[in-house]
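User: I have a two-chain model to study. Please take me through it by question and answer.

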Amino acid sequence: MTEATSSTSQRGKQGVQPLLDLTNLSVNYGNIAAVQSINLQVHPGEIVTLIGSNGAGKSTTLRTISGLLRPRAGEVVFEGRKISGMPGHDVVKAGICHSPEGRRIFQRMTVGENLDLGAFLRKDATQVAADRENVLTLFPVLRERLQQKAGTMSGGEQQMLAVGRAMLGNPKLLLLDEPSMGLAPVLVDLIFDTIEKIRDQGVTVLLVEQNALAALRIADYAYVLESGHLTLEGPAAELLSDESLTKAYLGG
Amino acid sequence: MTSLVASFSKGRTIRLSEVVERTAAGILVLGVLAWVILNLAKAPTQFFTVLLAGLNNGALFALIALGYTLVYGIIELINFAHGDLFMLGTILCANMMANWLGLTKPGLTGFLGLILTMIVVMIFGATVNMGAEFFAYRRLRNAPKLAPLITAVGLSFIFQNIGQRVNGSSPKQWGTVFDPQSGFSVAGVRIRWSFLVVLTVTALLLLGLTYIVQRTRQGKAMRATAQDQDGARLMGVNVNATISFTFALGGAMAGAAAVLYMETIGTTRFEAGFQLGLIAFTAAVLGGIGNLVGAVIGGLLIGVIQGLNDGAPYGLGQDWSQTVVFSILILVLVFKPEGLLGRRTTEKV
């Protein structure tokens with residue numbers, strides 16, 4: 001597609017290294033190829049969205065970046081360092097936090113304990129306290145529920161906890177998997193507003209979404225994944241304005 | 001299936017089988033209570049004497065049960081080799097105390113030697129259990145559940161054969177630093193010093209373990225791993241190291257139980273772990289497998305019931321000891337499979 005024109009993006013400028021670089025990445029589930037030879041870059045300060053229908057391989061891509069899955073071929077490079085093949089906890093140490101599909105919060109722990117686990121690897125107690133305060137300001141409902149068992153909260157509240165918990169890892173790159181899944185429309189708007197706020201605080205975001213229109217509205221750059229192949233990419237604004245594309249790919 | 005039916009009808013309709021089940025369970029509990037009170041009324045002194053003996057055994061069951069429940073809690077494996085790890089601990093303890101340190105009589109040096117031996121045997125238990133996890137169970141983590149289970153049974157035989165090789169086929173008697181005679185009496189009930197040592201050590205270990213699990217970073221990692229391994233990985237928890245640490249804790253508890261058992265009983269047998277392991281496993285199931293407090297309560301309860309059965313006026317006697325314990329296992333599995341404090345696992349569709 002065309003060169004990026006978005007002002008916030010470093011994309012396309014000469015000599016700028018991407019924060020995250022997937023090259024010819026292929027991932028299998030058993031014998032089934034879930035993701036086939038995809039190339040994807042995320043540059044510092046961007047919101048990049050990876051959109052596509054159910055089962056296209058979006059979550060598989062994120063799980064491979066975080067070290068939960070091993071690629072069959074290709075590699076994941078983060079800040080110029082190869083991270084594919086590293087165990088998951090080392091990927092977190094490198095600066096990638098992942099709010100996974102299905103939230104995966106610790107149901108039998110309190111909201112406070114879940115947040116503490118988000119900062120599990122961090123030693124800088126004062127900075128953690130400040131970041132925790134920041135998260136509780138972004139999601140005031142979590143402050144009211146600090147002592148509550150996380151599993152007893154509503155889906156929307158659990159989603160906020162999952163995103164807040166990932167932010168407490170102080171990531172350079174935040175991976176968000178379907179943060180709008182199953183939420184009431186009001187909450188969807190809130191989540192997307194918050195993602196923009198997170199980006200404005202200097203965190204780069206790779207956002208996987210089925211709600212393609214909402215994702216494209218806040219993203220700088222977008223990739224479309226279909227049955228494990230990347231079929232389209234470009235600045236989000238261009239994808240959004242192309243009516244034939246939105247009809248064909250995005251159900252809009 | 002039952003949970004499905006219940007959730008569809010929102011628990012409003014109570015089926016006949018449920019009523020029968022609850023009534024039967026109620027009668028059973030009342031029967032046991034009546035039996036306990038009858039024994040107490042008939043011969044109070046004898047009752048309290050066997051009660052203390054039961055608590056003594058129960059504390060040991062609790063320590064072993066913790067090893068089952070810790071491991072089950074984190075990787076849902078019933079570690080059938082755990083009882084035999086305990087048995088290896090008793091043999092190491094006997095040899096270290098009697099042969100290497102030469103401590104077979106009560107006294108201050110005996111007591112100091114006991115502390116040293118306990119530390120060594122706890123480290124031994126932790127190391128062997130971690131080794132079993134590293135060499136066997138870790139390779140099978142993604143295999144069907146049956147594979148690690150059978151491996152655990154296999155390891156149990158390996159440990160027993162090692163025990164038989166070292167200890168011989170017949171039981172060995174050892175002198176111990178616990179004097180069975182020394183103690184004091186309260187209202188005609190004899191309280192041995194060794195009983196107080198067993199209870200104190202058990203209580204301290206439980207406090208330590210609770211502190212580790214509830215308050216430390218490592219404990220937080222354990223609880224997160226127990227709930228969701230991938231979720232824990234995404235928080236930066238080293239899941240393999242955490243599972244390894246859990247096996248170490250369980251092994252250390254078995255080691256401590258081994259030292260207390262050996263010094264109380266003064267006998268080593270290569271098949272001791274099979275029987276005690278099964279009883280401790282029953283205790284863990286009774287308390288709710290995966291639940292630490294449950295394992296302790298289960299252990300003490302089984303110890304007391306076994307003690308009353310063996311020594312109380314209306315008990316069935318030692319011949320029926322095993323029958324009573326395993327009847328409890330069966331009854332728990334029928335009426336309350338999640339145990340006293342365990343969570344009811346609902347099958348998701």
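User: How many residue pairs are in polar contact between chain B and chain A?

Analyst: This is a predicted model, where local features need pLDDT of at least 70, side-chain atom pairs count only at pLDDT 80 or more, and totals for chains, interfaces and linings use all residues. Residues are numbered from 1 along each chain as its sequence is written, chains are lettered from A and ligands numbered from 1 in the order in which they are written, and side-chain values use heavy atoms, leaving out hydrogens and water. A polar contact is a pair of N or O atoms within 3.5 Å; within protein, one must be able to donate a hydrogen and the other to accept it, and residues adjacent in sequence count only if both atoms are side-chain atoms. With both residues at pLDDT 80 or more, the number of pairs between chain B and chain A is seven.

User: Which element gives the largest share of the side of chain B that touches chain A?

Analyst: Helices are DSSP runs (H or I, at least four residues), numbered from the N terminus. Two elements of chain B give two or more residues to this side: α8 (217-227) and α9 (229-234). The largest share is six residues, and they come from α8(B).

User: What is the area buried between chain B and chain A?

Analyst: Buried area is the accessible area (1.4 Å probe) that two parts lose on being put together, summed over both. Carbon and sulfur atoms give 60% of it here, and the total is about 2000 Å².

User: How far apart are the closest N and O atoms of the salt bridge between Arg63(A) and Asp230(B)?

Analyst: A salt bridge is a side-chain nitrogen of Lys or Arg within 4 Å of a carboxyl oxygen of Asp or Glu. Chain B and chain A have three salt bridges between them. In the one joining Arg63(A) to Asp230(B), the distance is 3.2 Å.

User: Is Lys58(A) buried or exposed?

Analyst: Lys58(A) sits in helix α1 (residues 58-65) of chain A. Its side chain reaches the backbone oxygen of Gly52(A) at 2.9 Å. Buried means under 20% relative accessible area, exposed over 50%, partly exposed in between (1.4 Å probe, protein chains only). Lys58(A) has 5% relative accessibility, so it counts as buried.
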